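Please set out a careful account of this structure, with the cut-offs behind each term given where the term is used.

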Amino acid sequence: INYAGEFVSTKKIKVEGSSSGITVNAGGYLYITELEADAGSIVNNGYIEHISGSKNLKTKSSITGDGVFYVNKTSKLKLKSGAKIHGKTKSDVSNDYFITGNDTLKVLRLPMFKLEKDGLYLGEDLEVEDTLNLNGHRIDILTKNFKLPKSHSFKRNGNNSEYIQTTNSGKYKFVVIHNDEDHVAPIGRNPYLPIVLNCEDCEGVEFATAVTQNIYLNPETLTGEQTSLAVGETWRLIPTQTFTGNVTITFQWNNGAGGTTNSELTSFTRANCTPIYWVVGSSTNWQSDGVNQNVAAQGSDPYSVSISLNGMTAGTEYLFGVKSGASALPVEFTHFNATSQGTTNHLNWGTSMEENNDKFEVQRSKDGFKWEKLAEVKGHGTTQNPQEYNWVDESPLNGTNFYRLRQVDFDGKFEFSNVVSVNGVAGENTDGLIIGAVYPNPMITDANIKFKLGNEDQVEFQLFSISGSLIKSTTSQALTGENNLNWNLADIETGNYILVAKSANGTDKIKLVKQ
């Protein structure tokens, strides 16, 4: 008998004769009610479970292979003539015991999972349908995903060495059971570095999470690794659904006690912590939640701190870290704004603290992609006092002007601010077609387009990919002056686009981001 799929045996399986046998291939599942094997071979490269609490599993043949076997009732095991299950005798096992023939697990799902040793790895994505018992051990999921649909159904002994190890790109996935309850992701690198999530309105949402070593100024390009004033860990969280309402996320780290690895970098101060976050695809600098700033860490090795967000966006990766002192980042922006005043555009920005800040380069763009340097504004070096800056663009472009700041350290390291846009008027020419703003941007389903027209006309709006392919278009009959258009773009893929508006009055374009 050769199983490659799933088979549940409700009758006794009897193996007789040296030429007979059972083989379960990788990816196959065999659920045995009763077995009697007096001869032949049993090879398990998939998954075998003895599902009966009353019937016996009797075999003179050893069960070999690289697969997984679940012992639910050792009293029902009858291993005869020195037979073993993946090298284990009956005296080696106990009830609800997980036996593996290989350290790399290639099982797609398990009804329950009780770790019996360290050194296990995932060779395939794994879903544990019921209970995960870490049992004082850890498993490295490498590039695979480990899913536990019931976020509360795991057990720990409280040992710092028991966790789901995320040393590569693999994620631990869990589903929130109830709102307003703590949901723990028992992840770690070395040692246990869990995320605790509590939200007002995310019941039923699945999250993928991991923790990796190091924290960077720009994590999307892995530049500017921090060596001081921070916890050297980055926690990652990705929701499968968009939700609103408050969500509180707590991070835990260690300082080297009890054989654990010290995650705190040089000069990190636990009495002065600020949790920070980065939204992949839209952030240009780390930011705090504006409330949990310069607070004392909770606990005593392990330590923890919390951050609060107002909802999260489906499929978006959120990165989290912890800093302290003057700053784990060279400059922390408090605001960056641009306003149009007559024929000039006025920029103002502020910082809450600066470290080794040499200067700001003011950059401008017509389309949000190609940038030109306009000016330099001197920074304040190192300071813990808030600072305010201003600069005036005396010759703005006609139409939409995009601005950003390139903050440069004395050692040449740099980071960019967020991008702001404002409508510019060159001289006294107020005719033409001007896109004033698109909001929200990034958007999720609908883009609200505010535009100005010199003379009443029909306006065509076209959405192009970055490579120049036309994705979608629509038209709008517009009046002279200010106009608004709501365009549903829920059916386009996430990414960056160019929105172009055309009419007899002229043409204008703006960058649009779909989350």
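## The disulfide and its cysteines

Cys202 has a relative accessibility of 1% and therefore counts as buried, where buried means under 20% relative accessible area, exposed means over 50%, and partly exposed lies in between, with a 1.4 Å probe and protein chains only. Cys199 is likewise buried, with a relative accessible area of 1%, and a disulfide joins Cys199 to Cys202 with an S to S distance of 1.6 Å. The link of Cys199 and Cys202 is left-handed, with -65 degrees about the S-S bond. A search of the whole structure finds 1 disulfide, the criterion being a pair of cysteine sulfur atoms within 2.5 Å. Cys273 is also buried, at a relative accessible area of 0%.

This is a predicted model, in which local features need pLDDT of at least 70 and side-chain atom pairs count only at pLDDT 80 or more, while totals for chains, interfaces and linings use all residues. Residues are numbered from 1 along each chain as its sequence is written, and side-chain values use heavy atoms, with hydrogens and water left out.

## An open antiparallel sheet

In the order β21-β23-β28-β31-β30, 5 strands form an open sheet with antiparallel pairing; strands (E, at least two residues) are DSSP runs numbered from the N terminus, and two of them pair if DSSP finds at least two bridges between them. The edges are held by β21 (183-185) and β30 (298-299), each of which has a single partner strand, so one side of each is left without a neighbour in the sheet.

Strand β23 (residues 195-199) runs antiparallel to strand β28 (residues 243-253), and 5 bridges join the two. Within this pairing, Ile195 stands opposite Phe251 in β28.

## Strand β27 and its partners

Strand β27 (residues 233-239) is largely enclosed by the rest of the structure, because 5 of its 7 residues are buried. Strand β24 (residues 206-213) is joined to β27 by 7 bridges in an antiparallel arrangement, and Ala208 stands opposite Ile238 in β27. Strand β32 (residues 318-324) also runs antiparallel to β27, with 3 bridges between them, and Phe320 in β32 is the bridge partner of Trp235.

## The largest pocket

The largest pocket holds about 1,300 Å³ of space. On a 1 Å grid over the protein atoms alone, a pocket is an open set of points where a 1.4 Å probe fits, with protein on both sides within 12 Å along at least five of seven lines, and lining residues have an atom within 4 Å of a point. Grid points are joined across faces, edges and corners, and the volume is the space filled by probe spheres set on the points.

Of the 47 residues that line the largest pocket, the closest to its centre are Ser282, Ser283, Thr284, Asn418 and Val419. Strand β33 (residues 331-341) gives the most to this lining, with 5 residues. The lining divides into 18 nonpolar, 23 polar and 6 charged residues, with Ala, Val, Leu, Ile, Met, Phe, Trp, Tyr, Cys and Pro counted as nonpolar, Asp, Glu, Lys and Arg as charged, and the others, Gly among them, as polar.

Ser9 lies in strand β2 (residues 6-15) and counts as buried at 5% relative accessibility. Leaving aside residues up to four places away in sequence, Ser9 touches Tyr31, Ile32 and Thr33, contact meaning heavy atoms within 4.5 Å.

Gly87 is found in the loop between β10 (77-79) and β11 (97-100), and at 49% relative accessibility Gly87 counts as partly exposed. From C-alpha to C-alpha, Gly87 and Lys58 are 16 Å apart in space, with a separation of 29 residues in sequence.

Notes:
Helices (H or I, at least four residues) and strands (E, at least two) are DSSP runs, numbered from the N terminus.
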